Amino acid sequence: MSEQMCAIDGCTHRGYAPAGTVQLCKEHFSEFVKWRRKKGGLAMIRNYTGMTMEERDTVFQQWEKTLKTAE
């Protein structure tokens with residue numbers, strides 16, 4: 001587990017796993033992975049593993065926008 005805090009505004013949990021160059025808590029990381037599966041299925045998971053951190057940041061930012069619109 002990381003000493004960094006979750007990158008999502010308002011979340012006070014510790015970082016659990018990376019999403020690009022930021023850390024997400026366990027709950028948000030799980031939601032992020034589910035979103036990636038819905039967005040592109042297995043192909044998205046395979047593509048994500050081959051992406052650079054900057055490319056992963058772009059995917060993370062797309063997901064983060066969906067959180068802000070849900071509020």
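I first looked at R36, whose charged end sits over the ring of Y48 at 3.8 Å from the ring centre (the term asks for NZ of Lys or CZ of Arg within 6 Å of the ring centre and within 35 degrees of the ring normal). I note that this is a predicted model, in which local features need pLDDT of at least 70, side-chain atom pairs count only at pLDDT 80 or more, and totals for chains, interfaces and linings use all residues. Residues are numbered from 1 along each chain as its sequence is written, and side-chain values use heavy atoms, with hydrogens and water left out.

Next I looked up ring pairs, taking rings of Phe, Tyr and Trp (its six-membered ring) with centres within 6.5 Å, where planes under 30 degrees apart are stacked, over 60 edge-to-face and the rest tilted. I found six aromatic pairs by this rule. F32 lies in helix α1 (residues 26-49) and F60 in helix α2 (residues 53-70), 28 residues apart (helices are DSSP runs of H or I, at least four residues, numbered from the N terminus). Ring pairs link F32, W35, Y48, F60 and W63 into a cluster.

I then checked burial (buried is under 20% relative accessible area, exposed over 50%, partly exposed in between, with a 1.4 Å probe and protein chains only). F32 counts as buried at 0% relative accessibility, and F60 counts as buried at 6%.

Last, I recorded a kink of about 115° in α1, centred on G40 (the bend is the angle between axes fitted to the seven residues ending there and the seven starting there).

Technical notes:
Helix = DSSP H or I, 4+ residues; strand = E, 2+ residues; numbered from the N terminus.
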